[in-house]
Each structure stands twice: as C-alpha cells, then as structure tokens.
Amino acid sequence: MSPKPNVPITIMINTLTTYLSYGFVQNALIAGTLSAVLGAIVGYFVVIRNSGFAAHALAHIGFAGAAGAALIGLSPLEGMLLLTVGSGVVMGGAGDKMSRNDTAIGMVLSMSLGLGTLFLSLYSSFAGQAKSILFGEIFGVSQDQIIKMAILSVMSLGALAIFSRRLLFASVQPRLAEGRGLSLSALSMAFMAVLAISVTLASQIVGILLVFTLVIAPAGIALRLCRSFWSGILVSVVLGVIAVWTGILLDCMTGYPATFWITAIFFVIYVLVEGYCRFFTK
C-alpha cells in the first residue's frame with residue numbers, strides 16, 4: 001500500500017500555486033525583486049561608508065516628496081524620486097560636512113516630516129495613501145510602476161557599475177583616493193543620487209519608515225559573513241531576494257503584512273549570524 005500524501009503540505013502547495021497565478025502577486029514579486037537587488041547592492045556601499053543615517057533621512061525626505069506630489073498632480077513615486085534625488089545630490093556635495101554631521105541630517109529629517117504633515121493637511125484626500133507610503137503596499141504595485149522601477153534600477157546599477165571601483169576605493173581609503181586625484185565630492189554626489197533612487201524603490205515595498213530593511217539589513221549581514229567584495233555583494237542580493245519573496249508568500253498564506261515578515265526574517269538571520277560570529281569565530 002502506498003503511503004498517504006501529506007495533506008497539509010499538498011494544500012499549502014496548491015494554495016501557493018493559486019496565489020502565484022494572480023497578477024497582483026506576480027507584480028509584487030517582480031517589484032520586490034527589483035527593490036531587493038538594488039537595495040542590497042547600494043546598501044553594501046552604505047554600510048561601508050557609514051551612511052545609514054543619511055539613507056534614513058532620504059526616506060523621510062521622500063515622504064514629503066510623495067505628499068507634495070499630490071498637490072501638483074504627480075504620482076507619489078515621481079514626487080519621492082524628484083525630492084530624494086535632489087536632496088541626495090545636495091547632501092553628497094556637502095561631503096563630510098553633511099554626511100558626518102548627525103545633527104544636520106537629523107534637522108533635515110525632522111523638517112521633511114513636518115513638510116509631509118503640512119502637505120497632507122492641505123490635500124486631505126491624499127491621507128488614505130499615507131499608510132501605504134509609510135508602511136508599504138506591496139500588492140498595490142501596478143505594471144506601470146514596475147516598468148518605471150525596472151528602468152530606474154537598470155540606470156542606477158549601470159551608473160554604479162561605472163564608478164563602483166572608484167567609490168569602493170574612496171570609501172575605504174578616502175584620503176589616499178583624494179591624493180590620487182579622485183573627486184570625493186563628485187563620487188559622493190553620484191552615489192547619493194543612486195542611493196536616493198534605491199530608497200525610493202525600497203519604500204514602495206516596505207514603506208518609508210522601514211526602508212532600512214532592504215537597504216541596510218542584507219548588506220550588514222553579508223559584511224559579517226564575507227571577506228571579499230564580490231562575495232559580499234552576492235550574499236547581500238541573495239538574502240534580499242529570498243527575504244522579500246518569502247515575506248510576500250507568507251503574506252498570501254497568513255494574511256499578515258509582508259513588511260512584518262520581511263523585517264522579521266532579517267532580524268532572525270541577523271541574530272543568528274551575530275551569535276555565530278561572536279561565539280564561534282575570532
């Protein structure tokens with residue numbers, strides 16, 4: 001007699017197959033993959049350059065951009081992109097004076113939240129979208145947004161590929177790089193523009209308040225595990241994509257938000273990796 005099939009597993013597989021046939025789930029997986037890949041790669045440089053607070057500030061600046069876009073008839077994505085890229089270039093041009101000054105970044109962050117609140121009060125019908133902007137709405141991504149996200153991702157990764165070697169050198173040995181004729185300000189401005197795009201795309205998935213999840217978490221974990229640059233990038237990307245896909249599918253299965261699952265997955269991985277590195281490695 002053949003063994004009976006495992007009914008719960010069969011039901012789960014059938015349920016996942018059904019969800020994967022839905023267009024909104026497919027859009028979520030594609031958008032999540034784009035955001036995870038770009039966020040993981042850019043985040044690797046963010047961690048190396050100790051620019052995490054700047055990334056956090058850009059996310060909050062994006063909130064003001066998204067809220068203000070409604071007043072002039074633009075989409076939240078376009079508003080976030082315009083304001084974050086512009087702010088990122090300004091912050092990059094300021095160099096150490098800005099990126100190393102937590103007080104200055106904190107004031108920009110606070111002012112951005114204040115502007116976002118003001119714009120919401122001026123355009124009350126936009127308030128319904130505020131929750132999705134702050135916490136993400138992965139299943140609300142449209143095909144038009146995916147096309148825009150794909151174009152922005154390709155452009156950002158292409159630009160990063162062009163100056164990544166110089167950026168890595170300037171991040172690790174800034175004084176030596178400057179002594180060899182590299183323009184630290186130009187590199188910083190270019191990188192902050194790419195970071196702004198990455199933050200904007202990541203916020204479409206996990207929201208502005210949790211943008212650290214896709215930009216910082218996979219890269220931070222990868223740096224604890226890997227010694228070489230390319231292996232770190234690869235591990236960071238793999239972790240980001242796996243966490244996003246798992247979070248989205250768990251959302252489908254349980255009804256709990258994908259954002260919660262994604263952040264929980266990264267937290268568990270971080271705790272395990274940190275524990276391993278502390279107690280089993282020197």
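Colour the chain by secondary structure and follow it along the sequence: the pattern is α-α-α-α-α-α-α-α-α-α-α-α-α-α. The chain has 14 helices and zero strands. Helices (H or I, at least four residues) and strands (E, at least two) are DSSP runs, numbered from the N terminus.

Two notes on the source come before the next stop. This is a predicted model, in which local features need pLDDT of at least 70 and side-chain atom pairs count only at pLDDT 80 or more, while totals for chains, interfaces and linings use all residues. Residues are numbered from 1 along each chain as its sequence is written, and side-chain values use heavy atoms, with hydrogens and water left out.

**The whole chain**

Select everything and show the surface. The chain exposes about 14200 Å², and carbon and sulfur atoms supply 68% of that area. Accessible areas come from the Shrake-Rupley method with a 1.4 Å probe; for residues, only the protein chains shown count as cover. Of the 282 residues, 45% count as buried. Buried means under 20% relative accessible area, exposed means over 50%, and partly exposed is in between (1.4 Å probe, protein chains only).

Now consider contacts, meaning heavy atoms within 4.5 Å. Among contacts between residues at least 6 apart in sequence, 77% join residues at least 24 apart.

**Salt bridges**

How many salt bridges does a search of the whole structure find? The search finds three. A salt bridge is a side-chain nitrogen of Lys or Arg within 4 Å of a carboxyl oxygen of Asp or Glu.

Select Lys-148 and Glu-78. They form a salt bridge whose closest N and O atoms are 3.5 Å apart. Lys-148 lies in helix H8 (residues 143-172) and Glu-78 in helix H4 (residues 76-94), so this pair ties together parts that are 70 residues apart in sequence. Lys-148 is partly exposed at 35% relative accessibility, and Glu-78 is partly exposed at 32%.

Next select Glu-274 and Arg-224. Their side chains meet in a salt bridge of 3.2 Å, N to O. Glu-274 belongs to helix H14 (residues 258-280) and Arg-224 to helix H12 (residues 217-225), so the bridge ties together parts that are 50 residues apart in sequence. Glu-274 is buried, with a relative accessible area of 14%, whereas Arg-224 is partly exposed at 36%.

Arg-278 is exposed, with a relative accessible area of 60%. Salt bridges with shared partners join Arg-224, Glu-274 and Arg-278 into one network.

**A nonpolar patch**

Select Leu-71, Ile-72, Leu-74, Leu-82, Met-111, Leu-115, Leu-118 and Leu-122. They make a nonpolar surface patch of about 760 Å². Patches are made of residues with over 30% relative accessible area and no salt bridge: like charges are joined within 9 Å, and nonpolar side chains (Val, Leu, Ile, Met, Phe, Trp, Tyr) within 5 Å. Helix H6 (residues 102-122) gives the most to the patch, with four residues. Met-111 is found in helix H6, and at 51% relative accessibility it counts as exposed.

**Cysteines**

Select the cysteines and show their sulfur atoms. The structure holds zero disulfides, a disulfide being a pair of cysteine sulfur atoms within 2.5 Å. Cys-277 is buried at 11% relative accessibility, and Cys-252 is buried at 10%.

**Last stop: Gln-145**

Return to helix H8 and select Gln-145, which lies there. Is Gln-145 buried or partly exposed? Its relative accessible area is 23%, and it counts as partly exposed. Leaving aside neighbours within four places in sequence, Gln-145 is in contact with Gly-140 and Gln-204. A polar atom of the Gln-145 side chain lies 3.0 Å from the backbone nitrogen of Ser-142.

Note on methods
A polar contact is a pair of N or O atoms within 3.5 Å; within protein, one must be able to donate a hydrogen and the other to accept it, and residues adjacent in sequence count only if both atoms are side-chain atoms.
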